[in-house]
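I opened a new notebook page for this chain. The entries below follow the order in which I looked things up.

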Amino acid sequence: DTEFESKAIYKAFDGVKDNITSLLVMEYKSGTMKVDAKYSGDSRVLLEEMDKKYGRRGEGISQLINNIEILFNSNQKKRKGIKGLNSDNVRVIYPILIVNELSLEFGFANWKLIQWFEDVKKTKKDIDENILVKPLLVLTIKTLENIMSYTNNGDFTLLDFVEFYTEFLNIEKDWRYADLSKSDEYHPQIEVGTIFNKFLQEINRKPHENQRLKEKWNKFIDE
C-alpha cells in the first residue's frame with residue numbers, strides 16, 4: 001500500500017511503479033462477484049454487481065480516478081504527494097485494476113470496465129491537463145503471475161507490456177463507441193490474453209509455462 005503525505009487522507013494506491021515520466025498506479029480487489037449475478041442470464045444484474053464491486057460505485061475504478069485527481073490536481077494547493085514517490089516529472093499515468101474475479105478480464109465485462117473508467121475520467125475536471133491518463137488495464141491475478149514470470153526473467157518490464165496494450169487500444173479505438181447491446185459490435189481483440197499473445201509475438205518471445213502455477217497444480221493433484 002502507498003500513503004498520501006497528508007493527515008486528512010491516509011491510503012493512496014495499493015501499488016505504484018514509477019519510470020521517471022511514467023507511473024503505473026494499481027488497485028487490488030480480492031473479492032469475487034455473487035454467483036447469482038454472474039449466471040443470472042440478465043446483463044443488467046451482472047452490470048449492477050460489477051458496478052457495485054469494481055466500477056463507478058465500488059472501490060476499483062472510482063478509487064483509481066479519485067487518487068489520480070488527488071495526486072495530480074490542477075490546483076497545487078489541493079495536490080497531495082505520495083510518501084517516498086517523486087512524481088514531479090510524471091506526464092503519463094497507466095491505471096491498472098488487479099482482480100481475483102477471472103471473468104472480468106474477458107469479453108463484455110472487461111469491455112464495460114474500460115468504458116466506465118473513460119466515462120468517470122471525463123467527469124474529473126481537476127486533473128492536471130498536462131497529465132495523460134491512459135485507458136484502464138484489467139488484470140486477473142493469474143494473468144499478472146504469468147506476466148511476472150517473464151518480467152522476473154528479464155524478458156521485458158511490466159511497463160513494456162502496458163505501453164503495448166494501451167497503444168493497441170488506440171489502434172482498435174472503435175471499441176469506445178460500440179453499442180454494447182449489439183453483439184456484432186463486440187471487439188474480442190481487446191481482451192488482455194489476446195493482446196498479451198500479440199505482444200509476445202512482437203518481442204519474439206514464445207508463451208511458456210508459469211512455473212509457479214504449475215507447482216501449485218501439481219501440489220493440488222498430489223493431495
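I began with pLDDT, the predictor's confidence in each residue, from 0 to 100. Helices (H or I, at least four residues) and strands (E, at least two) are DSSP runs, numbered from the N terminus.

Entry 1, ground rules. I am working on a predicted model, in which local features need pLDDT of at least 70, side-chain atom pairs count only at pLDDT 80 or more, and totals for chains, interfaces and linings use all residues. Residues are numbered from 1 along each chain as its sequence is written, and side-chain values use heavy atoms, with hydrogens and water left out.

I noted a chain average pLDDT of 81, with 82% of the residues scoring at least 70. Where pLDDT is low, the predicted coordinates should not be read in detail.

I located Trp116 in helix α4 (residues 107-123). Is Trp116 buried or exposed? Its relative accessibility is 2%, so Trp116 counts as buried (under 20% relative accessible area; exposed is over 50%, partly exposed in between; 1.4 Å probe, protein chains only). Leaving aside neighbours within four places in sequence, I listed Leu47, Met50, Asp51, Gly55, Arg56 and Ile61 as the contacts of Trp116. Arg56 is 60 residues from Trp116 in sequence, but the C-alpha to C-alpha distance is 6.9 Å.

In α2 (residues 43-53) I found Leu46, Glu49, Met50 and Asp51 buried. Their cover includes α1 (35-38) and α4. Gly58 sits in the loop between α2 and α3 (61-71). Gly58 counts as buried because its relative accessibility is 10%. With neighbours within four places in sequence set aside, Gly58 contacts Asp51, Lys52 and Lys53.

I read an angle of about 10 degrees between helix α5 (residues 141-151) and helix α7 (residues 192-202), with axes 12 Å apart. Axes are lines fitted to C-alpha atoms, for helices over the stretch in contact, and angles run from 0 to 180 degrees between N-to-C directions. I therefore logged α5 as roughly parallel to α7 (under 35 degrees). Thr143, Asn146, Ile147 and Tyr150 in α5 meet Val192, Phe196 and Leu200 in α7.

Methods
Parallel < 35°, antiparallel > 145°, perpendicular 65-115°, else oblique. Contact = heavy atoms within 4.5 Å.
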